[in-house]
Amino acid sequence: MFRLLLLLSLTWSAIASEERARQVIDEMEQLYRGDSSDATMTMQVQTPNYNRTLTMTSQSFGKDYGFFRIQAPKKDRGIATLKRDEEMWNYFPKINKVIKVPPSMMMGSWMGSDFTNDDLVKETQLIDAYSLALIETEDQYKVTLTPKEQTVTVWDRIEYTISKDPLLPLSQAFFDEDGEKIRELTFHEPKEYNGKLMPSILEMRPLNKEGHLTRIMYDDIRFNVPEITKDTFSLRNLKSRF
Amino acid sequence: MLTFRLAFRNLFRNTRRTFLTALLISSSLVVLILVDGLMVGMTNVMVGGITHTLEGEAQVVRKGFRNNFEVEYTIDDPTSVISQLEENKAVEGFGPRVIIGGMIASSYNTTGSLVYGVDAKQELKVSRISDAVVEGQYLSGESREILIGKPMAELLEVDLGDRLIITAATVDTNEITQELFRLSGIFEFGPEEMDKNLVFINLEKAQSVLGMEGNLHQIALRFIDPEDAKNPELPLFKQLTNEENEALGWLDLQPSIGAMIEMSGYSTAIVGAILFLLTSLGVINSMFMSIYERIYEFGVAKAIGTTPWQIIQLVLFEALLLALISCVFGLAIGYFLGDYFSIHGIPIGKMEVSGVLLDGNLYTRLALYQFVNFPVYVTLLTLAAAIYPATFASRIVPTEALQRAL
Amino acid sequence: MLTFHIAFRNILRQKRRSLLTGLSMTGGYVLFVFGYSLLEGSYGNIIDIFTLDSTGHIQIHKDDYLDRPKIYKTIQDREQIKAALADNPEIKSFTPRVFSPALAYAGDRTAPSRIIGIDPELEPTVSRLLQKVAKGTYFSTSPNPDGYYEAMIGQGLHIRLKLNVGDELVLISSGADGSIANDIFVVSAIIGNKTSFDRMAVYLPLNAAQEFLSLGNDVHEYVLLVNDKDDNEAIASGLSAQLTEVTVSPWQEVEATFYRTMQADKQGNYFSMGLITFIVFIGVLNTVLMSVLERTREFGVLRAIGSRPLQLVRLITLETFILASISVILGFLLILPIIYWSAEVGMLLPEPIDMGGIEFQHLRGEMSARIFWIPMTFILATAVLVSIPPGLRAARILPKEAMGSH
C-alpha cells in the first residue's frame with residue numbers, strides 16, 4: 001500500500017532539522033516505491049460478524065497514481081479501484097459500471113477493510129501538512145507528526161516508531177484530541193522482495209471497535225516496472241480485464 | 001322602561017331557576033373561551049415553532065429547489081433579491097443560507113448530515129439557532145466554527161474543540177472537497193430530526209468550501225407583522241417570484257401545518273356547535289318552565305289587552321337580560337381561568353408535532369375576539385332559543401290559561 | 001310495584017315538562033356520544049393509517065436492531081418464529097423484511113436510498129404497499145425475462161434519478177459479509193407520492209435482497225398485524241416471553257415519537273371533552289333540578305295526604321331515573337345510525353390532509369361499546385344524583401310551606 005509506504009517514509013524527519021527529514025523521506029520513497037511498483041497481496045479482514053480474505057494486485061506510479069484489483073474470491077473478482085490525485089473510482093465487473101467515489105463514501109471503508117477510501121487518497125499533502133518532531137533512542141526513532149493549522153484531518157497526532165537497524169517501520173499510532181490512541185498500524189516479518197527489505201505484513205487495528213483487524217500480506221512486489229507509466233492509470237484500463 | 005322593570009322582576013321571581021340557567025349560559029361562554037384559547041395557544045406554538053425555529057415565516061428559493069434539494073438550484077441573482085429585501089419595509093429580517101448534504105467525520109465515527117451555512121448575525125433575526133445552543137457558543141463568524149446537535153455529538157464522540165471533517169462535493173465542479181472544523185457549539189432544538197441531522201457553519205466558509213461564492217440556496221424571512229406571511233397576495237412575494245425564483249409563505253412551504261390548523265378549526269367549530277345545542281336546550285327548557293309558572297299571569301295579561309307582540313317582547317327581553325347577566329359572569333370567569341391557564345398551562349407532557357417540540361404545558365392565549373364575539377354569539381343564541389317559548393307565550397288563550405290552577 | 005306505576009304515570013301526566021326535561025337529556029346524550037366518538041375515532045383513524053401503512057401492530061427484531069440498525073443483526077432461526085406466529089390465534093398476518101442503505105445509480109445520477117426487501121405475496125397482508133403502486137406493476141419473486149430482478153422505487157428516487165418504469169437501476173451497498181454488493185435491477189413500479197416515508201426506498205423481492213446483501217436466509221424484521229389492535233401491547237408481551245431470542249416491540253415503541261405526540265394531543269382533547277361533560281352536567285342539573293323543584297307544591301299535597309318522606313324521595317328518584325332512561329335510550333336510537341355512518345364512511349373534509357404520504361379526507365368516528373355506555377352511565381347517574389337533594393328537601397318540608405310555595 002503505497003500510502004503506508006509513504007507514511008513509512010515520513011518517519012524520517014527531525015525536529016532539529018526538517019531539512020534532513022525531507023531528505024531522508026525522499027530517500028525512503030525511492031527505496032520503497034521507486035518510480036513505480038507492481039505488487040500482489042492478500043488482505044484479511046476480521047470483524048465480530050465476518051471474516052474475509054481477498055487476494056489483490058496493485059500498481060502504483062509516483063505518489064499520485066494507483067490501481068487495485070481483486071483476484072479472489074470469485075464473487076468479487078475483477079472489482080477494481082483507480083486513484084488519480086485526489087479522485088477515486090471503483091469498477092464493478094458484474095454490472096460493468098465505473099463509479100466515481102462520492103463524498104458519502106470517502107470516509108467509508110475501502111473494500112470492507114479498516115482502511116478508508118480517504119486513507120488511500122490522502123497522501124502527498126502529508127509532508128506539507130504535518131510538523132515533524134523526532135526523538136531518538138538506542139535502537140529506535142520515534143517521530144511525532146502534528147497536523148498544521150489548516151490541515152484537514154481528524155487526527156490530533158500520529159506517532160511513528162521505526163527500528164534503526166534494519167531501517168524498518170514498526171508501528172504507527174493515530175491519536176485523537178484527548179490523547180487516546182484510536183487506531184494502530186503495525187509492521188511485521190520483514191522479507192526481501194527483489195532485493196529490497198520491507199515488512200511483509202501490515203496490520204491495521206481500530207482500538208475503539210472490538211474484534212476488528214485488517215491484515216495485509218505481501219506476496220510479491222516489484223519496483224521500477226518499465227511497463228507502468230502515468231497513462232496506465234486510465235478509466236479505460238480500469239474497466240479492462242486482465 | 002316598563003318592559004325592562006317587568007323583565008327584571010320576572011327573572012328574579014324564581015331566583016333559583018334564573019341562577020341555574022344563567023349558570024348554564026355562562027358556563028358555555030367560559031368553555032368557549034377556554035377551548036378557543038387552547039386551540040389558539042396550540043396553533044401559535046406550532047406555527048411559531050415551525051416558522052421561528054429555523055424555516056422562517058417565508059422563504060425565497062430557486063424554483064425546483066424544494067423538490068430536489070439539489071445543490072445546483074441556487075437563487076438567481078441573489079444580490080438583487082437581497083437588496084429588494086433590505087428595502088422592503090415589511091421585512092423584519094432575513095437569513096441567507098447555503099444548504100448541502102455532506103458526511104461529517106470525527107476520529108471515532110462518520111455520519112451523514114445536512115449542512116447549513118448561515119450568516120450568524122442575520123440569523124438572529126430570523127431563527128432560533130442561537131437559543132438552541134446548550135453547550136459552547138453560537139456562531140460568531142470565525143471560519144472553523146461548527147454547531148452540531150447533541151445526539152450527533154454523542155454518535156461522533158466529540159467534545160467542544162474537537163476536530164470534525166465535512167466531506168462534500170463542490171457545487172461548481174462536482175469534486176470532492178473536505179474541510180476541517182472545530183466543534184464550537186452543541187445545540188438541542190428538541191425534535192430528533194433536527195438534532196440528529198443538522199450541522200451549522202458560517203455562510204462564507206460554506207460558500208468558499210463548496211465553490212459557490214456569492215451564491216445561496218435559500219433566504220429565510222421574518223416579517224414585522226406575522227400575518228403577512230399568510231398572505232399569498234403579498235406584494236413582496238409577487239415582486240420576488242419570477243421565472244427563476246419563488247417567494248413563498250409558510251402556508252405554502254408547510255402545507256401540512258395549514259391542514260392541521262384547519263383540523264383544529266373544525267374541532268373548535270364542532271365543540272362550539274355541541275355547546276350551542278346543549279345551551280339552547282337548557283335555555284328553551286328554562287324559559288318554558290318560567291312561562292308555565294306564569295301561565296295564569298299571561299292569561300290575565302292577554303285578557304286585559306296585552307298584544308301578542310308585547311308578550312313576545314317581554315319574554316325576549318327577559319332572555320336578553322338573562323343572557324347579559326350570564327355573559328358578565330361568563331366573561332369574568334372566562335378571563336380569570338383563561339389568564340390562569342395562559343400562565344400555568346395545561347400539563348400534557350412531551351409532544352412533537354410536525355417537527356415542533358411542545359414540552360410540558362399547553363398555554364391558552366387570550367384574544368379580544370373571544371371576549372367580544374363570543375358573548376355576542378351566546379346572547380344571540382339565547383335570544384334565538386327564547387323565540388319558541390316567546391311565541392308560545394304570545395299564543396296563550398286566555399280562557400284556557402285562567403283555568404289552570406296548578 | 002305501585003311506586004313504579006305512579007312514577008310512570010306522573011311522567012306521562014306532565015307531558016310538556018317531561019318532554020323538555022327528557023329532550024334536554026337526550027340532547028346531552030347525543031352530543032356527548034358524538035363528541036366522544038369523534039375524539040376516539042380520529043385517533044383510531046390515524047393509528048390505522050400509520051400501522052397499516054407499513055409499521056404494523058408489532059415488530060420483531062434481533063437485539064437492538066430497532067435503535068441501532070446494523071446489517072449483521074439478523075433473525076436467524078426463522079422456522080421457530082414462523083411456527084410461533086402461525087400458531088397464535090391473535091395474530092392475523094405477518095411478513096419478513098430486510099433493510100440496507102444503498103447508493104442508487106441511474107445513468108450518471110446518484111442518490112442515497114434505502115433497500116427494503118419484502119415478500120411480494122405476504123407483504124400486502126400486512127401493509128398497503130399494493131395500493132401504493134402509482135405507476136407500473138407490482139413485482140414478483142422471479143426475475144424478469146431478461147434475468148434481472150425487479151425493483152419498485154419511491155417517488156423521490158423517480159424524480160432525483162429520472163427513473164421510469166422499465167429503466168435500469170444500479171445499487172451498490174455493503175454485504176453482510178463485508179463484500180461490496182453491486183447489481184442491476186429493473187424498475188417495475190413507482191410507489192407512493194412525494195411525501196411518503198418511502199420516497200427514497202427501493203423495494204426488492206426478499207430473496208433478491210438477501211442474495212444481494214449476502215444475507216443467506218436471514219431477515220432483519222418480522223411485521224405482524226393482530227386481530228384486536230387495542231390488545232397489541234399485551235400480545236407483544238406474550239410473544240416476547242415466548243420468543244426469547246428476539247426483541248418484540250409493539251408499534252407504540254416503534255413509533256415512540258408519534259405515540260407520545262398522540263397521547264399529548266389526546267390530553268388536550270380530553271380537556272375539551274371534560275369541558276363538554278361539564279356543560280352536559282350543568283344542562284342535566286338545570287332541567288332535572290328545576291322540574292323537581294317546581295313540583296314542590298305537588299309534593300306538599302302528597303305529604304299532606306300521608307305519603308312518608310322516604311316514599312317521596314323514592315318516587316322522585318325513580319321518576320327521574322325512568323325519564324332519564326327513556327331519554328337516553330331514545331338518544332341511543334337516534335345517534336346509533338349516525339355513529340355507524342361516521343365510522344364507516346366518515347365526514348368528508350373539504351381538503352384532504354396529507355400525513356406522511358397517505359391522504360385522508362374523512363373525519364371518522366369510533367363505533368364501540370364504550371362511546372355509548374359511558375355517556376349513558378354519566379347522564380343517568382347525574383340525573384338521579386341531582387334529583388336526590390331537592391327530593392329530600394321536598395320530603396322534609398312541611399306540607400303547609402310546600403303548598404304555599406307556588
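Visitor: What is the mean pLDDT of chain A?
Guide: Keep in mind that this is a predicted model. In chain A, 82% of the residues reach 70 or more. Averaged over the chain, the pLDDT comes out at a mean of 80.

Visitor: Which element of chain A has the lowest confidence?
Guide: At the top end sits strand β1 (residues 36–46) of chain A, with a mean of 91. At the other end, the mean falls to 51. That lowest value belongs to helix α1 (residues 2–10) of chain A.

Visitor: Where in chain A is the pLDDT below 50, and how many contacts does this stretch have beyond near neighbours in sequence?
Guide: The stretch covers residues 8–17 of chain A. Where pLDDT is low, the predicted coordinates should not be read in detail. With that caveat, the number of contacts this stretch has in the model, beyond near neighbours in sequence, is 32.

Visitor: OK, on to chain C. Is chain C spread out or a compact globule?
Guide: Chain C carries 12 helices and 12 strands. For its 406 residues the globule rule gives 22 Å, but the radius of gyration is 31 Å, well over that, so compared with a compact globule chain C is more spread out. Its C-alpha atoms fill a box of roughly 100 × 45 × 30 Å along the principal axes. As for confidence, chain C has a mean pLDDT of 84. So the answer is: more spread out.

Visitor: How much area do chain A and chain C bury between them?
Guide: The contact draws 17 residues from chain A and 15 residues from chain C. Of the buried area, 64% is on carbon and sulfur atoms. The total between chain A and chain C is about 1,400 Å².

Visitor: Which element gives the most to the side of chain A that touches chain C?
Guide: Polar contacts between the two chains come to 5 residue pairs, both residues being at pLDDT 80 or more. On chain A's side, β6 (97–100) and α3 (103–106) each supply at least two residues. The one that gives the most, with 3 residues, is β6(A).

Visitor: How many charged residues does the side of chain A that touches chain C have?
Guide: Sorted by class, that side has 8 nonpolar residues and 3 polar ones. The charged residues there number 6.

Key:
Residues numbered from 1 in each chain as written. Chains lettered and ligands numbered in written order. Predicted model: local features only at pLDDT ≥ 70, side-chain atom pairs only at ≥ 80, totals over all residues. Heavy atoms only, no water. Contact = heavy atoms within 4.5 Å. Buried area = accessible area lost by both parts, 1.4 Å probe. Polar contact = N/O pair within 3.5 Å; in protein donor to acceptor, adjacent residues only side chain to side chain. Helix = DSSP H or I, 4+ residues; strand = E, 2+ residues; numbered from the N terminus. Nonpolar A, V, L, I, M, F, W, Y, C, P; charged D, E, K, R; others polar. pLDDT = per-residue confidence, 0-100. Rg over C-alpha atoms; globule rule 2.2 N^0.38 Å.
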